[in-house]
Amino acid sequence: MRPTEELKQEHSGILRILDVVEKISEKITGGESVPIVHIKQILEFIQVFVDKCHHGKEEDILFPAMEAAGIPREGGPIGMMLTEHEMGRKLTADMNKLVQAHEDGGSGSLMVLTNPALQYVNLLRSHIWKENNVLYPMGDEKLSPEQQDYISREFERLEAERIGPGRHEAFHKLIDTLSEIYG
């Protein structure tokens, strides 16, 4: 499997979590109660699976290989993706602060949380579309089969180091559970 295919599979799970975030936001704005543990699980998924693992694979392995193969970073699609990763990190930090404010007794914190949550959903959906339909095809065209094999091996190493064994599967179980609850 090409490394970009692996990343596209990860995108499928991320998109499912984004659907859950949207449903939770609708419930909160509709005055319904949502268990804070679900929101915290989603934030852990975003911080560990999306950022440390998925974005780590892109930023530390795939994007440098694409750049070395001639795909521009500055003023190009790689630079745009990196900027969007940073935007996502800021929105995630904002959500974490609001969850902490809620746990500290701040009334209305979860209602306010829906704003960065929905911004994150919109950002990531657009981001994933650009990667799947623009950047990854460019990489597939430029990277040799040998380079792609090397990238795949490096993806495995990074995932083992950053999130550890069994976490990927546990996150997919979480996706299934939350999708069933909020589907």
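**Exercise 1. The whole chain**

What share of the contacts in the chain with a separation of 6 or more comes from residues 24 or more positions apart? Then describe the overall build of the chain.

*Solution.* Note that this is a predicted model.

Step 1. Residues 24 or more positions apart supply 82% of the contacts with a separation of 6 or more.

Step 2. List the secondary structure. The chain has six helices and zero strands. Along the sequence the pattern reads α-α-α-α-α-α.

Step 3. Check the dimensions. The C-alpha atoms fill a box of roughly 55 × 35 × 25 Å along the principal axes. For 183 residues, a compact globule would have a radius of gyration near 16 Å; the chain has 17 Å, so the value agrees.

Step 4. Look at burial and surface. Of the 183 residues, 46% count as buried. The chain exposes about 9100 Å², and carbon and sulfur atoms supply 52% of that area.

**Exercise 2. An aromatic cluster**

*Solution.* A pair of aromatic rings is described by the distance of the centres and the angle of the planes.

Step 1. Count the pairs. There are three aromatic pairs. In one of them, the ring centres of F45 and F49 are 5.0 Å apart and the planes meet at 20 degrees. Planes under 30 degrees apart count as stacked, so F45 and F49 are a stacked pair.

Step 2. F45 and F49 both sit in helix α2 (residues 36-68). They are four residues apart, about one turn of the helix. Both residues are buried.

Step 3. Turn to F45 and F171. Their rings lie 5.5 Å centre to centre, with 80 degrees between the planes. This pair is edge-to-face.

Step 4. F45 belongs to helix α2 and F171 to helix α6 (residues 167-182).

Step 5. Check burial against the cut-off. Buried means under 20% relative accessible area. F45 has 1%, so F45 is buried. F171 has 4%, so F171 is buried too.

Step 6. F45, F49 and F171 form one aromatic cluster.

**Exercise 3. Beside the cluster**

Which residues does E44 contact, leaving aside its neighbours within four places in sequence?

*Solution.* 

Step 1. Locate E44. This residue is in helix α2. E44 has 36% relative accessibility, so E44 counts as partly exposed.

Step 2. Read off the contacts. They are F49, R167 and F171. Of these, F49 and F171 belong to the aromatic cluster.

Step 3. Compare two separations for E44 and S12. They are 32 residues apart in sequence and 18 Å apart in space, C-alpha to C-alpha.

**Exercise 4. F155 and W129**

Are F155 and W129 buried or exposed? Describe the surroundings of each.

*Solution.* 

Step 1. Start with F155, in helix α5 (residues 145-162). F155 has 0% relative accessibility, so F155 counts as buried.

Step 2. List what F155 touches. Not counting residues up to four places away in sequence, its contacts are P3, E6, L7, K57, I61 and L62. F155 and K57 are 98 residues apart along the chain, yet their C-alpha atoms are separated by 5.8 Å.

Step 3. Move to W129, in helix α4 (residues 109-142). W129 has 53% relative accessibility, and exposed means over 50%. W129 therefore counts as exposed.

Step 4. With V134 and M138, W129 makes a nonpolar surface patch of about 280 Å².

Technical notes
Residues numbered from 1 in each chain as written. Predicted model: local features only at pLDDT ≥ 70, side-chain atom pairs only at ≥ 80, totals over all residues. Heavy atoms only, no water. Patch = residues over 30% accessible without salt bridge, like charges linked within 9 Å, V, L, I, M, F, W, Y side chains within 5 Å. Areas by Shrake-Rupley, 256 points an atom, 1.4 Å probe, with all protein chains shown as cover. Salt bridge = Lys/Arg side-chain N within 4 Å of Asp/Glu carboxyl O. Helix = DSSP H or I, 4+ residues; strand = E, 2+ residues; numbered from the N terminus. Buried < 20%, exposed > 50% of the residue type's maximum accessible area, 1.4 Å probe, protein only. Phe/Tyr/Trp six-rings, centres within 6.5 Å; stacked < 30°, edge-to-face > 60°. Contact = heavy atoms within 4.5 Å. Rg over C-alpha atoms; globule rule 2.2 N^0.38 Å.
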